[in-house]
Amino acid sequence: MTTPAPEKTARRRRPRQHRPTHRARLRLGVTGWAVSWLLPTAVMGGLLLGLSFVPGLDDQGFLTPLIPLIGGAAVAVGIPGTLLVSWLYRHHLNPSVHVLGYALVGLLYGPVVLLAGTGGLMPMLIPLVGFPAGVLLGVGRWAAQPLTTVEDPADRTPTAAAEGRDDD
């Protein structure tokens with residue numbers, strides 16, 4: 001016994017639901033990004049540099065090599081990570097989502113410590129680098145919140161959108 005072939009009907013298919021392609025998005029400019037990434041990274045490097053000058057704290061020499069590692073982590077992990085978080089969450093207008101994303105990128109600074117070697121106390125320094133970097137990047141993104149703008153395409157008229165200006 002064979003299965004009969006399905007018959008095609010003459011009626012047209014119902015069109016798919018049209019999703020709006022233009023949604024409101026959060027825009028963080030170059031200045032806002034520099035405040036949210038560069039400022040916390042510089043504070044983290046300054047803290048490590050200051051801690052390396054405290055007598056008795058850096059006797060084994062574990063803090064001094066971390067300063068270039070933090071710089072490397074900021075360039076290799078921080079720049080692409082923060083730009084990716086800003087791009088992925090551009091349509092989320094809730095600032096806490098962005099703050100948590102930046103904090104997650106900061107936590108990824110910690111495993112970069114393993115590039116200095118896996119012997120001795122180096123693996124135990126991962127949370128000592130990652131946690132403060134995560135907190136500082138989250139605070140930096142929160143501090144950059146006044147520098148963000150919300151672009152809503154529904155608020156723009158067609159002529160203003162073509163000319164690149166808002167209709168106020």
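Modeller: In α1, Val-35, Ser-36, Trp-37, Pro-40, Val-43, Met-44 and Leu-47 meet Leu-128, Val-129, Pro-132, Ala-133, Leu-136, Leu-137, Gly-140 and Arg-141 of α4; contact means heavy atoms within 4.5 Å. Those residues divide into 12 nonpolar, 2 polar and 1 charged. Ala, Val, Leu, Ile, Met, Phe, Trp, Tyr, Cys and Pro count as nonpolar, Asp, Glu, Lys and Arg as charged, and the others, Gly among them, as polar. Helices (H or I, at least four residues) and strands (E, at least two) are DSSP runs, numbered from the N terminus.

This is a predicted model, where local features need pLDDT of at least 70 and side-chain atom pairs pLDDT 80 or more, while totals for chains, interfaces and linings use all residues. Residues are numbered from 1 along each chain as its sequence is written, and side-chain values use heavy atoms, leaving out hydrogens and water.

Biologist: At what angle do α1 and α4 pack?

Modeller: Axes are lines fitted to C-alpha atoms, for helices over the stretch in contact, and angles run from 0 to 180 degrees between N-to-C directions. Here α1 (residues 30-52) and α4 (residues 126-143) pack at about 145°, their axes 8 Å apart.

Biologist: And what does Ser-86 touch, beyond its neighbours within four places in sequence?

Modeller: A polar contact is a pair of N or O atoms within 3.5 Å; within protein, one must be able to donate a hydrogen and the other to accept it, and residues adjacent in sequence count only if both atoms are side-chain atoms. Ser-86 lies in helix α2, and its side chain makes such a contact with the side chain of Tyr-102 at 2.9 Å. Leaving those neighbours aside, Ser-86 is in contact with Leu-28 and Tyr-102.
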